[in-house]
Amino acid sequence: MSYKVNEQGNISTVFLTGEIDMDIADKAKGVILPLVESGKEVHINLKDVSYMDSSGISVLIESHQKAEEKNTKVIIKEISKSVLKVIMMAKLEQVLNLG
Amino acid sequence: MLITESKDFVVNSESLKDIRSFSRDVFAKRDIPQELKDDLVLAIAEAAQNIVKHAYNGEKTTDKMKVKILFKEKEIEIGFFDTGLPVVPENITHRNLDDIKPGGLGTYFIKEIMDEVVFKKDKKGWVNHLVITKKI
């Protein structure tokens, strides 16, 4: 997995690339959670994420819940078809903020 | 005609991408819908991840697990063999989906995708033998 972070005002956009599995999930969490904890609105762009398993889904849930604690938002953007399918399999499409 | 492909992998999280790659290569040779191939790769990866996480508690090891993909006339049977801690099948549950929290989804995904998920007694020296089956 590789990533890029764009900062614009109070919004940080994290562009993730590649496959997000158990081996990578901690790295993704390490990028996203500090931004959420700083109180920023975080957009996670998944356009170039071709595969995500339950570990990746856990990162999205944890980020979402941390954002609620911090009174901010995590919005998941440009979800690839394959990742959307996994989010829907977990019945999270009404729980996570999908932008 | 039965076609079997199998490969051994060191039990660690770094092997998961190799397991996906092996599975994709095997399915690429078969005439089944791409969506089903993707689902099967996810189920295989989740089952392998469970071995790393639960049979070995994420501990470093040089032990190997075997992944065996068997194509039958009307089903695909995937076997996982490991020598980690013995699994108690009754303890394998997934979390309630309404209880939103990180974790506990891997087993749910496997059960959603596959038609049958069973642990079998293995007589060849393996400790755990999981078999997941999909009708085609």
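How many residues lie between β2(B) and β3(B) in the hairpin that they form? In the predicted model described here, local features require pLDDT of at least 70 and side-chain atom pairs count only at pLDDT 80 or more, whereas totals for chains, interfaces and linings use all residues. Residues are numbered from 1 along each chain as its sequence is written, and chains are lettered from A and ligands numbered from 1 in the order in which they are written.

The hairpin of β2(B) and β3(B) has 3 residues between its strands. Helices (H or I, at least four residues) and strands (E, at least two) are DSSP runs, numbered from the N terminus. Strand β2 of chain B covers residues 64-71, and strand β3 of chain B covers residues 75-82. The two run antiparallel and are joined by 6 bridges, with B:L70 standing opposite B:E77 in β3(B). β2(B) is also joined to strand β1 (residues 3-10) of chain B, by 8 bridges and again in the antiparallel sense. Here B:E5 has B:I69 of β2(B) as its bridge partner.

These strands belong to an open sheet of 5 strands in chain B, with the order β1-β2-β3-β5-β4 and antiparallel pairing; two strands are taken to pair if DSSP finds at least two bridges between them. β1 and β4 (116-119) of chain B are the edge strands, each of them pairing on one side only. On average, neighbouring strands of this sheet are turned by 15° against each other, direction ignored. Angles run from 0 to 180 degrees between N-to-C directions, and axes are lines fitted to C-alpha atoms, for helices over the stretch in contact. β4(B) pairs with strand β5 (residues 128-135) of chain B over 4 bridges, in the antiparallel sense, and B:E116 is placed opposite B:T133 in β5(B). Helix α1 (residues 15-28) of chain B lies across β1 and β2 of chain B and runs at about 170° to β1(B).

Chain B also contains a helix pair. α2(B) packs against helix α3 (residues 106-113) of chain B at an angle of about 145°, the axes being 9 Å apart. The crossing of α2(B) and α3(B) is left-handed, a term used if the near helix is turned anticlockwise from the far one by less than a right angle, the clockwise case being right-handed. From α2(B), the contact is made by B:D39, B:L42, B:A43, B:E46, B:A47, B:Q49 and B:N50, and from α3(B) by B:G106, B:T107, B:F109, B:I110 and B:I113. Residues are in contact if their C-beta atoms, placed from the backbone, lie within 7 Å. By class, this contact of α2(B) with α3(B) has 6 nonpolar, 4 polar and 2 charged residues. Ala, Val, Leu, Ile, Met, Phe, Trp, Tyr, Cys and Pro count as nonpolar, Asp, Glu, Lys and Arg as charged, and the others, Gly among them, as polar.

In chain A, 5 strands form an open sheet in the order β1-β2-β3-β4-β5, with mixed pairing. β1 (2-8) and β5 (97-98) of chain A stand at the edges with a single partner strand each, so one side of each has no neighbour in the sheet. Strand β4 (residues 74-77) of chain A runs parallel to β5(A), to which 2 bridges join it; A:I75 stands opposite A:N97 in β5(A).

Within α3(A), the residues A:V83, A:V86 and A:I87 are buried. The buried residues of α3(A) fall within an arc of 100° when seen down the helix axis, so they line one face of the helix; the arc is that of the directions from the helix axis to the C-beta atoms. A residue is buried if 20 or more other C-beta atoms, placed from the backbone, lie within 10 Å of its own, exposed if 12 or fewer do, and partly exposed in between. The exposed residues A:K81 and A:M88 are carried by the face of α3(A) turned away from its buried side. The cover over the buried residues of α3(A) includes β3 (41-52) and α2 of chain A, together with α2 (34-55) of chain B. A:K91, which follows α3(A), has a positive phi, near 55°.

A:K29 is placed in helix α1 of chain A. This lysine, A:K29, counts as partly exposed because it has 19 C-beta neighbours inside 10 Å. Residues up to four places away in sequence aside, A:K29 touches A:V59 and A:E62. A:K29 and A:V59 are 30 residues apart in sequence, with a C-alpha to C-alpha separation of 5.9 Å.

Between the chains, 16 residues of chain A are in contact with 19 residues of chain B. α1 (22-37), α2 (54-69) and α3 (81-89) of chain A each supply at least two residues of the side of chain A that touches chain B. α2(A) gives the most to this side, with 5 residues. By class, the side of chain A that touches chain B has 7 nonpolar, 3 polar and 6 charged residues.

Conventions
Contact = placed C-beta atoms within 7 Å.
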